[in-house]
Amino acid sequence: MLTIAQETYDAIVAHAKRDHPDEACGVVAGPEGSDRPERFIPMVNAAGSPTFYEFDSSELLALYKDMDARDEEPVVIYHSHTATEAYPSRTDIGLASEPNAHYVLVSTRNSFDEEGNSDGPVEFRSYRIIDGVVTEEDITVTPTAGTPPETSQEASTT
């Protein structure tokens, strides 16, 4: 199960909507071995594509050096799909190289209307991908003060 703070959930969704129609990507780091996504790190999609994402190699190297210095690891690796459901593609599965990470996909395919307004829902789903095997997992969004938690296998919000 992925447990994620509301503000981190909101930041991932905002990044996905902001980069639409291109795919967005990034990492949420946390203390090594903790499984706690704490530090939101939006990245640049070096591919600049609506159908593919690629971390910039120099930005990724700098991120891993920074995480190492902070005794962190990637707890969540996220990206968006702009025209398809939030399910890992064959390419996504092939690129999944962090067996302890939660792979979050956000679909923005129903988020935008004909006028370009982004008030529509997103599909926010999480997976474990180990040795090419994809397993969907439940998500618990921990509340910001005063709101109840939301637990879902497929959280659909704006």
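This is a predicted model: local features need pLDDT of at least 70, side-chain atom pairs count only at pLDDT 80 or more; totals for chains, interfaces and linings use all residues.
View 1. His102 belongs to strand β5. Is His102 buried or exposed? With a relative accessible area of 0%, His102 falls under the 20% cut-off and is buried. Look also for Ile129: along the sequence His102 and Ile129 are 27 residues apart, while their C-alpha atoms lie 7.9 Å apart in space.

**View 2. The open sheet.** Here you can follow six strands in the order β3-β2-β4-β5-β6-β7, forming an open sheet with mixed pairing. Which strands form the edges? They are β3 (39–43) and β7 (133–137), each of which pairs on one side only. From one strand to the next, the twist averages 30°. Strands of a sheet pair through backbone hydrogen bonds, either parallel or antiparallel.

**View 3. Strands β6 and β7, and the loop between them.** Strand β6 (residues 123–130) and β7 run antiparallel and are joined by five bridges. Ile130 stands opposite Val133 in β7. In the loop between β6 and β7 you will find Asp131, which has a positive phi of about 50° although it is not a glycine. Most residues other than glycine have a negative phi, and most peptide bonds are trans. Asp131 is exposed, with a relative accessible area of 79%.

**View 4. Helix α1 on the sheet.** Helix α1 (residues 6–19) packs on the sheet and touches β2 (25–31), β3, β4 (72–81), β5 (102–107) and β6. The direction of α1 makes about 5° with that of β3. Which residues of α1 are buried? Thr8, Tyr9, Ile12, Val13, His15, Ala16 and Lys17 are buried. An α-helix has 3.6 residues a turn, so residues three or four places apart point the same way.

View 5. The 13 residues of α2 should span 18 Å at 1.5 Å a residue, which agrees with the 18 Å between its end C-alpha atoms. Just after α2 comes Asp71, with a positive phi of about 55°.

View 6. Pro21 is in the loop between α1 and β2. The peptide bond from His20 to Pro21 is cis, with omega near 20°. In the loop between β2 and β3 sits Asp35, a residue other than glycine with a positive phi, near 60°. Asp35 is partly exposed, with a relative accessible area of 34%.

**View 7. Stepping back to the protein chain.** How many helices and strands are there? The protein chain has three helices and nine strands, following the pattern β-α-β-β-α-β-α-β-β-β-β-β along the sequence. Its radius of gyration is 15 Å, close to the 15 Å that the globule rule gives for 158 residues, so the protein chain is as compact as a globular protein of that length. Buried residues make up 41% of the 158 residues.

Terms used
Residues are numbered from 1 along each chain as its sequence is written. Side-chain values use heavy atoms; hydrogens and water are left out. Two strands pair if DSSP finds at least two bridges between them. Helices (H or I, at least four residues) and strands (E, at least two) are DSSP runs, numbered from the N terminus. Axes are lines fitted to C-alpha atoms, for helices over the stretch in contact, and angles run from 0 to 180 degrees between N-to-C directions. Contact means heavy atoms within 4.5 Å. The expected span of a helix is 1.5 Å times one less than its number of residues. The radius of gyration is taken over C-alpha atoms; the globule rule is 2.2 Å times the number of residues to the power 0.38. Buried means under 20% relative accessible area, exposed over 50%, partly exposed in between (1.4 Å probe, protein chains only).
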